[in-house]
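Hi everyone, thanks for coming. Let me put today's structure up on the screen.

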Amino acid sequence: MSADVRTVAAAGGDCPEPHIFNQQGCGFEAPGTDLFFPAPWIDFGLPLSSGITKYALVLVISALVVIGFWYFTTRKATVVPSRRQSVAELLVSFIRDQVTRTTMGKAGDKFLPLMVTLFLFIFAMNLMGIIPGLQLPVTSNLAFPAVLALFVFVLWNAVGIRTHGAGAHFKARLVPSGVPAWILPLVVPIEALSNFIIRPLTHSVRLFATMFAGHLLLAVFAAAGFYMFNPTTAMGPLLGAVSVGYSGIALIGFLLFTVFELFIMAVQAYVFILLSSIYLGEAMEGAH
């Protein structure tokens, strides 16, 4: 069980016995959003800065996981791949065939290293949410998905401007082809809002919100299991046995949801790079 969750559950307000069937009448207190705001280890006192927190640690570990993956899978690369090298090649082939070439054609091969790196890095950051002792997905802090989405947004504009010129790129994004001139005063602001504000915003919020909600649900399952485990309750051995049964059900739910959350972590990393590839393919294509 997460140390953070155990702390939250054990806190239980002023309750001296934060478990079910207690004699103080204490109820279950679900984990709150404070899980996502760890206390700073080093506070610089700067405005809009949270200092050095647990997020910095899990971010560094995520980067090391990605570096370690490539080191152990490719350090002795050969023409006939070993099992470890095959894992890396399967990943690259999957993203090439299912993401870059389906959205950009062969011209998208130059973005393949970027997409593979983004996928692995985002998946590693998501994975930190279920690693014992860490249990904090980096992407549950909006700042990190926002920076990645901003990078893709800037790249999207750079590719469009380099391929078609600034005028043609922004015209393509603001003036849909085939739209009558008389309706442009209405369409252009909508297109500007959609392409330059809502697009990068939704690109980042989709990843953030999914990881935030998933981690909070895991924390609720873990805290509920801890709360319902009270085999030595003073209210009798029968209720103690019932509490163990309740806690076991919560544990099964926690394990099942952890497996499902692992799947969601990979899916969200895939969706992020798929959208990035679609945006870059659109920038290379030009007018729509």
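This is a predicted model: local features need pLDDT of at least 70, side-chain atom pairs count only at pLDDT 80 or more; totals for chains, interfaces and linings use all residues.

Residues are numbered from 1 along each chain as its sequence is written, and side-chain values use heavy atoms, leaving out hydrogens and water.

The unreviewed UniProt entry annotates "transmembrane region" at several places, including residues 143–161 and 262–281; such annotations may be inferred rather than shown by experiment. Residues 143–161 are 100% helix, with end C-alpha atoms 27 Å apart. Residues 262–281 are also 100% helix, and there the ends are 29 Å apart.

Now the pair: helices α5 (residues 143–164) and α7 (residues 184–228) pack at about 145°, axes 8 Å apart. Helices here are DSSP runs (H or I, at least four residues), and axes are lines fitted to C-alpha atoms over the stretch in contact, with angles from 0 to 180 degrees between N-to-C directions. Contact means heavy atoms within 4.5 Å; W156 of α5 and R199 of α7 are among the residues making it.

Finally, which residues lie nearest the centre of the largest pocket? They are S50, T53, Y55, N141 and F144. A pocket is an open set of points on a 1 Å grid where a 1.4 Å probe fits, with protein on both sides within 12 Å along at least five of seven lines; lining residues have an atom within 4 Å of a point.

Note on methods: Helices (H or I, at least four residues) and strands (E, at least two) are DSSP runs, numbered from the N terminus.
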